[in-house]
Amino acid sequence: MHRIVLQREIRSRASHKALSWFSSSNLFRSVHSLPFATVEAEGISGSQPAEVQNLVQGKWTGSAAWNTLVDPLNGEPFIKVAEVDGNGIQPFVESLSKCPKHGLHNPFKSPERLIQRVSPKSYQQAFGEVYVTQKFLENFSGDQVRFLARSFAVPGNHIGQQSHGYRWPYGPVAIITPFNFPLEIPVLQLMGALYMGNKPVLKVDSKVSIVMEQMMRLLHYCGLPAEDVDFINSDGKTMNKLLMEANPRMTLFTGSSRIAEKLAVDLKGRVKLEDAGFDWKILGPDVEEVDYVAWVCDQDAYACSGQKCSAQSILFMHENWSTSSLISKIKDLAERRKLADLTVGPVLTVTTEAMLEHKKKLLQISGSKLLFGGEPLENHSIPAIYGAIKPTAIYIPLEEILKPANYELVTKEIFGPFQIITDYKKDQLPMVLDALERMHAHLTAAVVSNDPIFLQDVIGKTVNGTTYAGLRARTTGAPQNHWFGPAGDPRGAGIGTPEAIKLVWSCHREIIYDFGPVPRGWEIPPST
């Protein structure tokens with residue numbers, strides 16, 4: 001009954017031009033002179049959010065209110081809230097399609113299907129993207145947005161002096177996100193920017209931007225003021241020109257390392273980056289649960305056709321694993337993937353020809369061999385501008401990987417279903433660690449072992465920002481409940497957690513209050 005009443009309440013309120021708790025304020029863009037509002041505690045709730053005026057308190061409180069409406073709908077799963085068919089969002093609002101302002105003209109019946117149409121991945125992978133987005137929005141319902149702005153105070157040197165540390169918004173910011181997660185990455189970063197009080201312009205890769213365009217309509221319907229976010233569809237050159245002329249105070253970029261480095265120069269370092277990663281996995285000396293480890297390796301390397309910045313790019317096997325059935329099991333799992341259910345599919349940024357040429361170069365290295373794959377997909381109509389190959393693994397001896405003539409070639413990231421596999425002996429672990437240290441991107445990693453001494457040795461000598469450790473360690477599938485992002489680079493961006501949001505979307509500001517009184521009998525001292 002409570003859900004039904006609330007749903008009616010949302011529908012009736014959402015039909016207004018602007019929801020009541022936002023109607024009084026357009027002051028939150030002025031960051032120089034802030035009136036401090038008093039908010040009644042009883043007024044802060046999903047059913048009757050308080051009116052607020054200032055940036056620091058008001059924007060965070062306000063965004064928490066409509067965020068609560070978007071996400072669990074007080075219990076209803078986001079997957080049902082966002083269900084889409086030709087008439088609009090169902091069953092959240094049956095009449096939305098009749099509204100010329102909010103009408104959706106979308107032939108797809110669910111967000112997962114829409115994701116699949118523009119970013120080829122299996123239904124389960126698309127569903128996982130929607131699920132993580134739902135859980136993220138649940139995490140920041142209620143007062144959780146307010147808590148992101150928690151400040152602190154430190155006593156000063158004399159009576160009347162006190163310093164206050166605040167998390168402070170940048171103001172105008174930009175968000176650029178890639179094709180491979182059309183919903184999850186832009187929603188999590190956009191909401192983080194809004195939670196911290198910024199005014200973002202959002203660009204999603206135009207191949208997949210319809211997904212976020214539909215999400216923006218849902219956010220507007222649930223109460224997000226239209227003027228709070230600018231949404232642009234453009235090519236890269238146009239967006240670069242916009243950034244150079246608009247000069248945002250901070251730009252979040254998720255995508256290729258080449259573009260990331262260009263933006264870092266163009267924008268004079270005012271960037272946060274979550275760029276590409278040649279992600280590694282090490283199998284320790286303890287061989288256990290071979291079926292499970294093989295399945296995780298297959299998922300990490302080949303889910304979404306390897307088009308994840310966290311995909312397993314190279315696998316280091318301890319010699320104990322080399323004598324197990326691991327490789328044959330990974331091969332069997334890879335070969336059951338098929339185009340019909342998109343468990344393998346089009347590669348949007350690397351052509352078939354380029355991947356096969358890379359395979360050819362690798363197989364010229366002494367001792368290398370093709371373990372499986374390495375052939376084009378068959379019986380398809382995928383255009384030649386995209387890639388279409390079978391899940392591929394190439395073995396290269398560790399000693400050859402470390403040679404200067406080979407290292408750059410072996411560690412070149414191929415954003416597709418392609419991985420390198422090697423093995424090492426117990427006394428060769430320092431060589432493995434040397435190979436890891438020389439990699440330029442340190443995003444995700446996995447240390448598959450329950451041996452605490454081995455784990456301590458590897459973790460203590462590596463730096464990847466999201467490192468999984470233990471028998472069930474993986475490189476992909478990061479949920480919303482832990483940090484995901486690189487380490488070892490001051491420009492590194494995170495996503496999803498309070499720490500990530502505060503790091504990326506706010507800066508530290510210290511305000512020192514010094515009210516006095518001036519000591520009795522104080523006199524002007526000599527010059528110093």
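Predicted model: local features only at pLDDT ≥ 70, side-chain atom pairs only at ≥ 80, totals over all residues.
Residues are numbered from 1 along each chain as its sequence is written, and side-chain values use heavy atoms, with hydrogens and water left out.

**View 1. The largest pocket holds about 1,300 Å³ of space.** A pocket here is an open set of points on a 1 Å grid over the protein atoms alone, where a 1.4 Å probe fits and protein lies on both sides within 12 Å along at least five of seven lines. Its volume is the space filled by probe spheres set on the points, with grid points joined across faces, edges and corners. Lining residues have an atom within 4 Å of a point. By class, the lining splits into 21 nonpolar, 15 polar and 14 charged residues. Nonpolar covers Ala, Val, Leu, Ile, Met, Phe, Trp, Tyr, Cys and Pro, charged covers Asp, Glu, Lys and Arg, and the others, Gly among them, count as polar.

**View 2. The second largest pocket has about 710 Å³ of space.** Its lining has 32 residues, and the closest to the centre are Gln-125, Lys-308, Thr-476, Gly-477 and Ala-478. Helices H5 (123-139), H7 (184-195) and H11 (290-302) each give two or more residues. H5 supplies the largest share, 7 residues.

**View 3. Seven strands make an open sheet with mixed pairing, in the order E12-E13-E14-E11-E10-E15-E16.** Two strands pair if DSSP finds at least two bridges between them. E12 (369-372) and E16 (466-469) stand at the edges with a single partner strand each, so one side of each has no neighbour in the sheet. Neighbouring strands are turned by 20° against each other on average, direction ignored. At the E12 end, E12 and E13 (residues 392-395) pair in the antiparallel sense over 3 bridges, and Phe-372 stands opposite Ala-393 in E13. H14 lies across E12, E13 and E14 (418-424), running at about 20° to E14. Axes are lines fitted to C-alpha atoms, for helices over the stretch in contact, and angles run from 0 to 180 degrees between N-to-C directions. Contact means heavy atoms within 4.5 Å.

**View 4. Helices H4 (residues 111-118) and H8 (residues 209-222) cross at roughly 150°, with axes that come within 8 Å.** H4 and H8 are therefore roughly antiparallel, the word used for angles over 145 degrees. On the H4 side, Leu-114, Ile-115 and Val-118 meet Ile-210, Val-211 and Gln-214 of H8. The contact residues divide into 5 nonpolar, 1 polar and no charged.

**View 5. A 3-stranded open sheet, E3-E4-E17, has antiparallel pairing.** E3 (152-155) and E17 are its edge strands, each with a single partner, so one side of each is left without a neighbour in the sheet. The twist averages 20° from one strand to the next. E4 (residues 161-168) and E17 pair over 8 bridges in the antiparallel sense, with Tyr-166 opposite Arg-509 in E17.

**View 6. Two backbone spots are worth a zoom.** The peptide bond from Gly-516 to Pro-517 is cis, with omega near 15°, and Pro-517 sits in the segment after E17 (507-514). Asn-247, in the loop between H9 and E8, has phi near 55°, a positive value in a residue other than glycine.

Note on methods:
Helix = DSSP H or I, 4+ residues; strand = E, 2+ residues; numbered from the N terminus. Parallel < 35°, antiparallel > 145°, perpendicular 65-115°, else oblique.
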